[in-house]
Amino acid sequence: MLGIIGGSNAGLGNFETVGKERIVTPFGEPSDDVVFIRFAGKEIRYLLRHGPHHLPPHRVNHQANVYALKNLGVSEIIGISSVGSLKPEIPPGSVVVPHDFLSPWDVRTFHEEYAVHITPRLDDGLRTRLIDAAIHLGLHPVTQAVYIQTTGPRLETRAEIAMLRHFGELVGMTMAHEATLSQEQDIAY
């Protein structure tokens, strides 16, 4: 089953809502209720990352969000994020499907008490399907981009942006947490 974690600008639009559920996890409460929507004849689980009260990025309970979706049978997650571009060739409004991410700062884990070694990555099969869908819709997606996650909630300084431009194309505050936690739960992201 597909799950979507939507950012602060990702509304439900005209999707048919068929239910919702409040999940309590061993990691606390998720940002919001998980909404069950129907799209193209399929049921999807949707979670608003920042909740109804617009939680700042550093206050989002990413472990609870991913765990709640896993608990509802989600095996793939699409994260929709508002990001900043580090490159002039990626103007505002671009659709970007990153191929990798960088987060040398604190990234959340489910394994606080013992070491579990994974190599974080984005799922190639899900990426290919997203790219194909975007092309089919005429959106001309950027398909090779590195997302850099900073800690937030503040934006980056000019000096930080100048440095980050050497390492990636996008900057945001949430995706590396979600991608890593999803992989720890055997969920494609």
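Which element gives the most to the lining of the largest pocket? In this predicted model, the answer is helix 2, with six residues in that lining. The largest pocket holds about 1,700 Å³ of space, and of the 48 residues that line the largest pocket, Ile78, Gly79, Ile80, Val95 and Leu130 are the closest to its centre. Two or more lining residues are given by each of strand 1 (2–6), strand 3 (34–39), strand 4 (42–48), strand 5 (76–80), strand 6 (84–85) and helix 2 (124–136). By class, the lining of the largest pocket divides into 32 nonpolar, ten polar and six charged residues.

The second largest pocket contains about 300 Å³ of space. Its lining is made up of 22 residues, and those closest to the centre are Ser82, Val83, Val171, Gly172 and Met173. The elements that give two or more residues to the lining of this second pocket are strand 6 and strand 9 (170–172). Nine nonpolar, eleven polar and two charged residues are found in the lining of the second largest pocket.

Strand 1 and strand 5 run parallel and are joined by five bridges, with leucine 2 standing opposite glutamate 76 in strand 5. Strand 2 pairs with strand 3 in the antiparallel sense over five bridges, whereas strand 3 is joined to strand 4, again in an antiparallel arrangement, by five bridges.

The hairpin formed by strand 3 and strand 4 has two residues between the strands, and alanine 40, which lies in the turn, has a positive phi of about 50 degrees. Within the pairing of these two strands, phenylalanine 36 stands opposite arginine 45 in strand 4. Valine 35, a residue of strand 3, stands opposite lysine 20. The relative accessible area of valine 35 is 12%, and this residue is therefore classed as buried, the cut-off for that class being under 20%. The C-alpha atoms of valine 35 and arginine 45 are separated by 5.8 Å, although the two residues are ten residues apart along the chain.

Aromatic contacts were considered last. A pair of aromatic rings is described by the distance of the centres and the angle of the planes. The count of aromatic pairs comes to two. In the pair of phenylalanine 27 and phenylalanine 110, the ring centres are 5.0 Å apart and the planes stand at 70 degrees, so the pair is edge-to-face, a class that requires planes over 60 degrees apart. Because phenylalanine 27 lies in the loop between strand 2 and strand 3, and phenylalanine 110 in the loop between strand 7 (100–102) and helix 2, the pair ties together parts that are 83 residues apart in sequence. With a relative accessibility of 32%, phenylalanine 27 counts as partly exposed, whereas phenylalanine 110, at 11%, counts as buried. One aromatic cluster is formed by Phe27, Tyr67 and Phe110.

Notes. Residues are numbered from 1 along each chain as its sequence is written. This is a predicted model: local features need pLDDT of at least 70, side-chain atom pairs count only at pLDDT 80 or more; totals for chains, interfaces and linings use all residues. Side-chain values use heavy atoms; hydrogens and water are left out. On a 1 Å grid over the protein atoms alone, a cavity is a set of points where a 1.4 Å probe fits but cannot get out, and a pocket is an open set with protein on both sides within 12 Å along at least five of seven lines; lining residues have an atom within 4 Å of a point. Grid points are joined across faces, edges and corners, and a volume is the space filled by probe spheres set on the points. Helices (H or I, at least four residues) and strands (E, at least two) are DSSP runs, numbered from the N terminus. Ala, Val, Leu, Ile, Met, Phe, Trp, Tyr, Cys and Pro count as nonpolar, Asp, Glu, Lys and Arg as charged, and the others, Gly among them, as polar. Two strands pair if DSSP finds at least two bridges between them. Buried means under 20% relative accessible area, exposed over 50%, partly exposed in between (1.4 Å probe, protein chains only). Rings of Phe, Tyr and Trp (its six-membered ring) pair if their centres lie within 6.5 Å; planes under 30 degrees apart count as stacked, over 60 as edge-to-face and the rest as tilted.
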